[in-house]
Amino acid sequence: MSHPTGLSVQLYTVRNALAEDFDGTLGKIAGFGYTQVEPFGLTDFADQLRAGLSKHNLAAPSTHVGLLKGDQDEIFAVAKELGVSLVIDPHVDPARWESAEDVKQIAADLNAAAEKAAAHGLTVGYHNHWFELESIIDGRHALEVLADNLADGVVLEVDTYWAKVGGADVPALLQRLGEKVVALHIKDGDGTRDNKKQVPLGTGSIPIWDYVDAAPNALRVVELDDSEQDLIEAVGSSFAYLSAGKEA
């Protein structure tokens with residue numbers, strides 16, 4: 001099973017710009033040097049993505065979509081058509097991460113979705129926020145309990161920022177999760193839940209390269225949930241920062 005590599009950007013970062021000018025925003029992203037994007041709400045934006053990705057020479061190897069709540073047949077058909085290989089559920093209700101039984105059920109739901117996805121040649125993954133790390137079950141992060149119960153082909157996209165906010169030692173977590181981690185969300189800021197305090201990569205307090213080095217083969221996905229700064233410009237400078245490498 002091959003997984004996407006290199007550098008991408010979660011389009012949720014520029015959701016407001018996309019709402020105003022979808023095609024023009026994709027053009028700006030390509031202009032910064034990105035060749036890959038991670039769409040959100042895949043089925044809602046299928047038409048715009050169909051037109052815009054090829055026009056701007058962008059691939060969408062991964063996507064965020066409410067897999068456990070949505071029409072999986074439709075989601076997988078659209079993913080296949082757009083060349084997406086990795087379909088990631090980005091959010092399961094925080095209340096469901098408090099007990100081992102609930103977490104095992106989430107894993108079972110993801111495993112069932114993955115069986116359906118496999119028929120389309122697609123991989124299923126899960127993306128965390130802070131609460132899957134904040135919740136400790138039998139001395140371990142709930143996200144690790146999830147990982148233990150996922151089928152072999154089901155993977156994780158670890159949001160490194162939210163993992164830190166949730167109290168994890170992120171490099172150690174990534175090493176423990178090992179091959180399960182095929183993608184990382186990379187963001188910077190002050191390490192709090194205040195999305196407005198997120199900043200372009202390399203300008204906050206997050207030890208980004210420690211995280212990248214702990215999962216060197218994972219797809220690196222730039223994301224800001226929000227910022228007081230211009231989000232389009234932040235996406236551009238974040239690309240430059242990651243592309244330059246840690247020695248820059």
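Modeller: Let us begin with a pair of helices. The axes of helix 7 (residues 142-149) and helix 9 (residues 170-177) cross at roughly 10 degrees and come within 11 Å. Please keep in mind that this is a predicted model.

Biologist: Why is helix 7 called roughly parallel to helix 9?

Modeller: The crossing angle is roughly 10 degrees. Angles under 35 degrees count as roughly parallel, so helix 7 is roughly parallel to helix 9.

Biologist: Which residues of helix 7 and helix 9 meet?

Modeller: From helix 7, Leu-143, Glu-144 and Ala-147 take part, and they meet Leu-173, Arg-176 and Leu-177 of helix 9. The residues of this contact divide into four nonpolar, no polar and two charged.

Biologist: What makes helix 3 and helix 4 roughly parallel to each other?

Modeller: The axes of helix 3 and helix 4 cross at roughly 10 degrees and come within 10 Å. The limit for roughly parallel is an angle under 35 degrees, and helix 3 and helix 4 are therefore roughly parallel. Helix 3 contributes Ala-46, Leu-49, Arg-50 and Leu-53 to the contact, and helix 4 contributes Val-78, Glu-81 and Leu-82. Here the residues divide into five nonpolar, no polar and two charged.

Biologist: What joins the side chains of Arg-50 and Glu-81?

Modeller: They meet in a salt bridge, with 2.5 Å from N to O. Arg-50 lies in helix 3 and Glu-81 in helix 4 (residues 72-82), so the pair ties together parts that are 31 residues apart in sequence.

Biologist: Why are Arg-50 and Glu-81 called partly exposed?

Modeller: Partly exposed lies between the buried limit, under 20%, and the exposed limit, over 50%. Arg-50 has 36% relative accessibility, so it counts as partly exposed. Glu-81, at 48%, also counts as partly exposed.

Biologist: How do you know that Asp-23 and Lys-55 form a salt bridge?

Modeller: Their side chains meet at 2.8 Å, N to O, and the rule asks for a distance within 4 Å. The pair links distant parts of the chain, 32 residues apart: Asp-23 is in helix 2 (residues 22-32) and Lys-55 in helix 3 (residues 46-55). Asp-23 has 29% relative accessibility and so counts as partly exposed, whereas Lys-55, at 55%, counts as exposed.

Biologist: How many salt bridges does this rule give?

Modeller: The count comes to 14 salt bridges. One of them joins the side chains of Arg-140 and Asp-148, at 2.8 Å from N to O. Arg-140 counts as partly exposed because its relative accessibility is 32%. Salt bridges that share partners also join Asp-159, Lys-187, Glu-223 and Asp-225 into one network.

Biologist: Which residues have the most contacts inside the largest nonpolar core?

Modeller: This core has 77 residues, and those with the most contacts inside it are Leu-11, Val-87, Trp-97, Val-124, Leu-146, Leu-156 and Leu-174. Helix 5 (residues 100-118) supplies the largest share of the core, eight residues. A second, separate core has seven residues, including Leu-86, Val-155, Val-182 and Leu-219.

Biologist: Why is Ile-208 called buried?

Modeller: Buried means under 20% relative accessible area. Ile-208 has 3% relative accessibility and therefore counts as buried. Ile-208 lies in helix 10 (residues 208-214). Leaving aside neighbours within four places in sequence, Ile-208 is in contact with several residues, among them Ile-186, Leu-201, Tyr-241 and Leu-242.

Biologist: What makes Asn-57 and Asp-138 exposed?

Modeller: The limit is over 50%. Asn-57 has 64% relative accessibility and so counts as exposed; Asp-138, at 73%, likewise counts as exposed. Asn-57 sits in the loop between helix 3 and strand 2 (62-64), and Asp-138 in the loop between strand 5 (136-137) and strand 6 (140-141). Phi is near 55 degrees for Asn-57, a positive value in a residue other than glycine. For Asp-138, phi is also positive, near 50 degrees.

Note on methods: Residues numbered from 1 in each chain as written. Predicted model: local features only at pLDDT ≥ 70, side-chain atom pairs only at ≥ 80, totals over all residues. Heavy atoms only, no water. Helix = DSSP H or I, 4+ residues; strand = E, 2+ residues; numbered from the N terminus. Buried < 20%, exposed > 50% of the residue type's maximum accessible area, 1.4 Å probe, protein only. Core = buried A, V, L, I, M, F, W, Y, C linked by side-chain atoms within 4.5 Å. Axes fitted to C-alpha atoms, helices over the stretch in contact; angles between N-to-C directions. Parallel < 35°, antiparallel > 145°, perpendicular 65-115°, else oblique. Contact = heavy atoms within 4.5 Å. Nonpolar A, V, L, I, M, F, W, Y, C, P; charged D, E, K, R; others polar.
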